[in-house]
Amino acid sequence: MRHENHILFLRYEDMTKDLAAVVRQVAAFLGRDVNEEQVSWLTHHCSFKEMSKNPAVNNETFLMAPTQEAKEIKFMRKGKVGDWRNHLTEEQQKAFKQWTLKYLQGSDFPYYQDYE
């Protein structure tokens, strides 16, 4: 359904490269006009630094963690592209790659190739 006009794909990699451009892209997708002051405010508000301080983003306001270890898990970790490699075992990385190739290889969806 990615070719449907009501579907928009965003990649974290693109947001880290040029968040202002992504803000403009989302605004256009939603049919909204934004001026440069609004783009600047949204870019600041949606930056990793600001988002990582937001309790709602980090599951701190909605979920009751069953253990102390679970309480310490943050959705917003470091904000580094590719940091998932430091959190998944080799076995998990292999399984992820196999699943991805099985379901996306040969498609015209290009993003699955970016995780290497």
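**Salt bridges in a predicted model**

In this predicted model, R11 and D14 pair up through their side chains in a salt bridge, with N to O at 3.2 Å.

Q: How many salt bridges does a search of the whole structure find?
A: To count here, a Lys or Arg side-chain nitrogen has to sit within 4 Å of an Asp or Glu carboxyl oxygen. R11 with D14 makes the list at 3.2 Å, and so does K53 with E50 at 3.1 Å, since the cut-off is 4 Å. Searching the whole structure, the total comes to three.

Q: Is R11 buried or exposed?
A: Anything under 20% relative accessible area goes down as buried. R11 has 15% relative accessibility, so the label for R11 is buried.

Q: And what does D14 count as?
A: Between the 20% and 50% cut-offs, a residue is called partly exposed. D14 comes in at 27% relative accessibility, so D14 counts as partly exposed.

Q: Which residue forms a salt bridge with R24?
A: Look for a partner whose closest O atom is 2.8 Å from the N of R24. This pair links distant parts of the chain, 12 residues apart, with R24 in helix α2 (residues 19-29) and its partner in helix α3 (residues 36-45). R24 itself is partly exposed, at 36% relative accessible area. The partner is E36.

Q: What is the relative accessibility of K53, which meets E50 in a salt bridge?
A: The K53 and E50 side chains meet with N to O at 3.1 Å. E50 counts as partly exposed at 24%. K53 counts as exposed, which takes a value over 50%. For K53 that value is 53%.

Note on methods
Residues numbered from 1 in each chain as written. Predicted model: local features only at pLDDT ≥ 70, side-chain atom pairs only at ≥ 80, totals over all residues. Heavy atoms only, no water. Buried < 20%, exposed > 50% of the residue type's maximum accessible area, 1.4 Å probe, protein only. Helix = DSSP H or I, 4+ residues; strand = E, 2+ residues; numbered from the N terminus.
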